[in-house]
Amino acid sequence: MTLGLVAALLFAQSYYTPDEAQALFREGNDAFYKDPPDYAAAKAAYLKLLEHGHDGPDVLFNLGTACLANGELGPAVLYLERARRLKRADDIETNLAAARARQGDQLVGGVPTSAPFFERVADATDDDVVSALSLGSLWLTLGLALLFRRLVPGRRGWATFLLVMSIITAAVTTSLVGIDVWVQTHYVEGVVMPDTARVRDFPGDSARVAFEVHAGLKVRIMEESGKFVRIRLSNNLEGWVDREGVTPL
Amino acid sequence: MKKTGSALALATVLFAAAAHAEVEFYQTVDRQKVGTEDTFRLTIVVGNAPEGATVQYPAPNDFEVLQTSQSTQMSYSLGSGNQGVIKRVQKYTLVMRANRAGKLTIPPAALATAQKTYKTDSIVMEAVKGRLQADAAPPPSGRPSLPPGFPDPFQGFFGDDDPFGGQPQVPEPDVPRSEQDLFVRATLDKETAYVGEQLNLTLHIYSRVELSSVDAVTMPKLEGFLSEDLDSPTQLAPEQRVINGVPYRSYLLRRRALFALKPGVITIGAAEADITTGMFFQGHRVHRKGNALTVTIKALPKEAAGLTVGHWRIGAEASQTTVQVGTPIQVRVALEGKGHLKSATLPKLTGPAALRIYEPTTTDKSAITRGTLGGRRVQEYVVLPQQTGSFVLPGLTLQYFNPESNRVEESKTDPITVTVTPGAGGANFAAAPSNVGTANDGPKNRLEAGGLKQLRHTANFGAASRPMWQRSWFAPAAAGPLALGLAFGAFGLIRRLGGATDPASEKKKKARAARARLAAAEKLKRSGKTQDFYGEVEKALFGFLEARLGFAAAGLTREQLDQKMSEAGVSELVRARVKSSLETCDMGRFAPGMGDVHARASALDEAAAAMEAWDSK
């Protein structure tokens, strides 16, 4: 009985009703827009929402923007990128561009590579649309195949055409879903969080520091070793950085 | 010009009004105790000296005679019997300095007459090492000093342009023993100063000989200071000065203003000069090295760290306060006062985004007032109003440290309100048709986008949390069609393998084969031979009949076939269609005109219709 009461109390404290969540969201917005602005209070309100499971692109976007206005470049890029991954929007792209403009690293030399082909394909497609198309075309293919068998030979012309189109659509969309799944599971990106992070040649505290990266830089996380992760910059520069210096997206 | 104590000075008595008057002869000093760096005066007084008498100065070994001078006084008085008596007193003044410390004696002076030689008493003096005499403040050059207690009647009369206060006072320098006829001395007007406070360094030549020229002056390195020239004369201008009672001609070589950059005790090295003495071809060149100086620089108080030092005031003014949008105005911010102008920083003019403020142009004009460096800096901003409305350029505040008052002071300007009205282009320009384009291109209320996008005002907490493919039902739903297709295929295969002897399936198989044959006949509809086409259609029909009736119908006559179909329960209508289709095939192989496409299509449709009618019976 007592345990049940305690559990209920804890649950009540850690849960916001939709109205409470909206009120906290507005509280963050009010802190952001008051004169003078209180970006720290706005950020705290949005973080509370995240901690209590009320996430989504809107909260992430506002949190990233508050961090950006507060001069915290690392968290700003992190939350804006996370919002972008959930749902693309113009305002996210604009604020991300502003964050990138303030970022202190200029990548030069090497072989400047954009993201790998699969990642670019996944990035260019809408996950939900592709998933829905894939699902629909698969079932349509099955239906058309059954119908095809029922039709008299010689009366199958239109059915053949539809069946072929359906098979092509199913193959393409299912491949895109497969690419998306592969990218999500194999292509891990992160954002440099501290103002300065030292990147070493080898995963060890005594290894030579090859270069430094700064807050807000988006990197690819290649592998892990102990407390280090190997990162790769977009110009193919690589090194090992303390795990705490890079937060995965 | 050096004088020695043993030198003989001859005085000739021109006349004696009363030869019988008693001769008065003695010597005195103005003090009994002196320092070896001090000078003192020995006065030899001769009264009623007979004609032809000569005075011999004392020739002490322990003293140095720096200067001699002579004066004569005459007085007239009534003596006994109302007889007038004229008294004549001659005074010989010797400026002297002790050569060493100790009890020293000035020997007697002598007065030689035709009858006898008079001698004064010797004088015993006490000399100590160094200086006992306080530095007497020299009177200001050109303006006589006033007795203490008397107010200066000219105080404030001249204001800042006091012609008698033009230059700072130079303290009396120490006279070096070895080069006392010609020496170079540097002086500072202060012994301590704050970082950034002005110090005046002055370099003089002091001379008792004729100077021809100063050929070269090497100033010391002024490390730790910013320095500005105050005075650097190109011609030697002598000025009379009496130092320790000795008259000198002083020549100003340089005067510089120094501003210390950091606190601490800073030593300024000695300046040097190459000087040519004597006139014309008699001159010779000498090198003189001046004295080093030490000054203590104090750090600014904590509250004044980083502030401009001096005494300043700022002002701001706008060329217009009511303008049309797009019309620039000028805002001048001026800084004026005393101090190092080049180091002074003006607060930056800021304003609302509606007023675009361009980088200013800066004009500096240095000035020297009574030896103090200062000046005026003017920054001129161009301000371009971009929106209509009333906007305020906030007032500027300059904080500075005033070393004279030892505290942080500030000077402020008033805010400037600028009223921006809409551009006049619209109606006025629109009236002239040729200028319609100009009116449209005129100044606009500029509303510039940029910066961060606004926050989202409402949140949808649950939406778009993850892609569809990550949801649990997606994988089974996507695998469903494939699995079902495989299942149907497997089922059909199993049925095909397991149902080979099943009569029903055999019938269906034959029926499918018959339909397939009919489809093959369709391929011959346009291009194949007529007999082949109708043969295929007939084979398809017989195949179908065999599948449906369970026996081969190819060898039966039409009557036999009709009977079998009747026995099998086939309706009259279907039987008629089948027979009609078979007859069409027979006729098609032999009758002319049955080979065209329309006839073939008709035969195909007829056969297909017969099959359909049978299956739907």
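The structure is a predicted model, in which local features need pLDDT of at least 70 and side-chain atom pairs count only at pLDDT 80 or more, while totals for chains, interfaces and linings use all residues. Residues are numbered from 1 along each chain as its sequence is written, chains are lettered from A in the order in which they are written, and side-chain values use heavy atoms, with hydrogens and water left out.

Chain A holds nine helices and seven strands (DSSP runs, numbered from the N terminus: H or I of at least four residues for helices, E of at least two for strands). Of its 249 residues, 40% are buried, meaning under 20% relative accessible area with a 1.4 Å probe, protein chains only.

Two packed helices are described by the angle between their axes and the distance between the axes. In chain A, the axes of helix α2 (residues 18-33) and helix α4 (residues 57-69) come within 11 Å and cross at roughly 25°; axes here are lines fitted to C-alpha atoms over the stretch in contact, with angles from 0 to 180 degrees between N-to-C directions. α2(A) and α4(A) are therefore roughly parallel (angles under 35 degrees). The contact (heavy atoms within 4.5 Å) involves Phe25(A), Asn29(A) and Phe32(A) of α2(A), and residues of α4(A) including Val59(A) and Ala66(A).

In chain B, Thr372(B) lies in strand β27 (residues 372-385). Thr372(B) counts as partly exposed because its relative accessibility is 26%, between the 20% limit for buried and the 50% limit for exposed. Beyond residues up to four places away in sequence, Thr372(B) touches Gln198(B), Lys338(B) and Ala367(B).

Notes: Parallel < 35°, antiparallel > 145°, perpendicular 65-115°, else oblique.
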